Amino acid sequence: MYVVIVGCGSTGIKVAEWLMASGAEVTMIDNNSEKQRFVDDVFGSIVVLGDGTLVETLENAGTQRADLLIATLNTDEDNMLACQIAKHHFQVDTTLALSANPDKAHLLGLLGIDIVVNLADLITEEIQSRVAPMLVEEL
Amino acid sequence: MAQIGEDNENPAIQRLKRVAVIGCGSYGSQIAVDLSLSGNIVIVIDKDPDSFSVLPLNLVENSRLVTSIGDGTKEVSLRQAGVQDADLFIAATKSSSVNLMSGQLARHLMRIPEVICLVNDSALVPLYEGLGIKVINPDGLLMDIIREELD
C-alpha cells in the first residue's frame, strides 16, 4: 500500500503516522521547508518539497504508483485540484479530499473525488449519536 | 434527566434544548449551525467578534443562534452568555487544552449535564472520559473512514 498525503498540517501528520504504523508506505508533500524539516526529523525523509497542486510535484512524490492520495490542504479548491490530478493524470485508485465547507463538499463529490470528508459534519454526527436522546432531532 | 422524560411524553410540547458551543472557528461554527437547524437553541461563544460573520444571518436574527463575545475558559464569560441553563456544552476551539479546561468548568462547576470536548490526542480520551466528559477526536474520525476504505 502506497499513500501520498498532500499537506503537512496536524491532520496530515497524524494520518501519516497512523498509516505508517499500519504498514503503509507514505510520502508527504508540503511547500513549506520548515514543515518539511520538522516532519523529516520525526519520520525520516518522507516529505517532497513543493506545491501539491502541480503535476510535477505529484510526479516527484511518486503519485503514479500510489494506491491512495489524501489531500489535506487549507482550501477545498486546492484539495480538489490535487485529487483530480491524481485521479485523471496519474490514475490513482482512490482519492480523499478534506473539505471545510459543506456547500463545496457536495460539489467535490460531483467532481469525481472518491471520498470527501467534512470533519465538522463528522463531529456533529458523532455528537448527535452520543447525546441523541437529549437533542431535538426535528422540529 | 427526569424532566426531559416527562417532556418526551408529549412530543408537541417538547422543550427546545439549549446547546452552548465554545469557539466559532471552522468546527464550532458548523456544529452550531447544524444543531440550530435541527431545532435546538444554540449559544456560540468566541473571543473574536469577527468570527461570528460566518453564521447565517437568518438564524441569528431569529435568536435560534445567539452569539456572545467571551472567553470560554472563564466562568464569568460563560454565565454572561447564559450557559448555566444549557443541556449540552460543546468545546470546539482549535486548542485541545482550552477545550478541556472550558469543558471541565462547565461540567464540574456549572453542572451542565452533557459536556463534549474536541481533543486532538486519542491518548487523552480515556483520561477525560473518566472525569465525566465526552471526548471526540476529529482526526480519529477521519482515520475511521480511511480504515473502512482500506479493509
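In chain A, helix α2 (residues 33–43) lies across strands β2 (25–30) and β3, and runs at about 165° to β3(A). Helices (H or I, at least four residues) and strands (E, at least two) are DSSP runs, numbered from the N terminus. Axes are lines fitted to C-alpha atoms, for helices over the stretch in contact, and angles run from 0 to 180 degrees between N-to-C directions. Two residues are in contact if their C-beta atoms, placed from the backbone, lie within 7 Å.

This is a predicted model, in which local features need pLDDT of at least 70 and side-chain atom pairs count only at pLDDT 80 or more, while totals for chains, interfaces and linings use all residues. Residues are numbered from 1 along each chain as its sequence is written, and chains are lettered from A and ligands numbered from 1 in the order in which they are written.

The open sheet of chain A has six strands in the order β3-β2-β1-β4-β5-β6, with parallel pairing. Two strands pair if DSSP finds at least two bridges between them. The edge strands, each pairing on one side only, are tabulated here.

| Edge strand | Residues |
|---|---|
| β3(A) | 47–49 |
| β6(A) | 115–117 |

From one strand to the next, the twist averages 20°. Strand β5(A) (residues 94–98) is joined to β6(A) by three bridges, and the two run parallel. Opposite Leu98(A) stands Val117(A) of β6(A).

Between the chains, 30 residues of chain B are in contact with 26 residues of chain A. Helix α7(B) supplies the largest share of the chain B side, eight residues.
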